[in-house]
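Let's take a walk through this model together, with a few stops along the chain. Please have the sequence and the 3D view ready.

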Amino acid sequence: MSIFTRSLSYAHNAIPALDSISLDLPPGSRTVIIGPNGAGKSTLLQILAGKRLVNAADIRIKERDVFRDSPPGVCFLGTEWAMNPVVRGDIVVSHFLDSVGGYRHKERRDTLLDILDVDLDWHMHQISDGERRRVQLVFGLMEPFDVLLLDEVTVDLDVLVRDDLLRFLKRDSETRGATIIYATHIFDGLNQFPTHIAHMSFGRLVIPPGPWPIPPDSALSAQFGSSTLYNVALQWLREDREYRRELEKKGRKVRGARRDETVPSDSETFYKKYDYTH
């Protein structure tokens, strides 16, 4: 197996984030994880990448323990990169890519530069977040990977660039047997990309990774038939919201406006007292 976990649980400052996650993904698979904000998708990918330490779980990539025997060929691309002050400094893109070894993978780097429409003369401090995201993808993908953990980093890309990138990644996976886990909230045009899909909510795998398209003999087939990935994702996200609202009725902290709040907050009292705009 390319990615394997058993009974993976994790908490942020005693607040549960992951609850007994088990994965068993073969080489060459491309898994799209579907779930609402706060489901635990980013935490899961960060742990698989070895960026968050977990002691009491079996977590292996390419048969190697991600913490005690870190496997080579694992690429994690997350959203925090574009906010790093180092990559927001006055450095030319060509110099930046050369400084991290772009010259060693020139053919692949050049392919990605074309796909992502990156200008080598850009200065990192002068470009937009979306353009900086494109540079990150060239930086992260120009060295061939065995496992790619992709966390929301395509959200800033326009649809044309995103579709070209996904075609590249799909071809890369099929040609080299590379494994991809992709957490995203954008499902338009994604129908042909995954080999597996999973549903994650409240830190649990509600539906563990299963084949995509949904096989006719699958338990999900009766519910979804030949639905698109977009429609499956929309239904799962609706179910997540309904489940959360049921929990709120049973005492879970309620989200949204507090319309039944009769006692004014301290800030409301202050601003009403010193409001000189009227």
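This is a predicted model: local features need pLDDT of at least 70, side-chain atom pairs count only at pLDDT 80 or more; totals for chains, interfaces and linings use all residues.

Residues are numbered from 1 along each chain as its sequence is written, and side-chain values use heavy atoms, leaving out hydrogens and water.

Start at Tyr10, which sits in strand E1, residues 3-12 (strands are DSSP runs of E, at least two residues, and helices are runs of H or I, at least four, numbered from the N terminus). With 18% relative accessibility, Tyr10 counts as buried (under 20% relative accessible area, using a 1.4 Å probe and protein chains only). Beyond its neighbours within four places in sequence, Tyr10 has contacts that include Ile15, Leu18, Ile47 and Val54 (contact means heavy atoms within 4.5 Å).

Now turn to helices H3 (residues 106-115) and H5 (residues 159-176), which pack at an angle of about 150° with their axes 9 Å apart (axes are lines fitted to C-alpha atoms over the stretch in contact, and angles run from 0 to 180 degrees between N-to-C directions). H3 is therefore roughly antiparallel to H5, a label for angles over 145 degrees. Among the residues making this contact are Leu112 of H3 and Phe168 of H5.

Finally, find Ser221 in helix H6, residues 221-224. Ser221 is buried, at 16% relative accessible area. Apart from neighbours within four places in sequence, Ser221 touches Ile214, Pro215 and Pro216.

Note on methods:
Angles under 35 degrees count as roughly parallel, over 145 as roughly antiparallel, 65 to 115 as roughly perpendicular and the rest as oblique. Buried means under 20% relative accessible area, exposed over 50%, partly exposed in between (1.4 Å probe, protein chains only).
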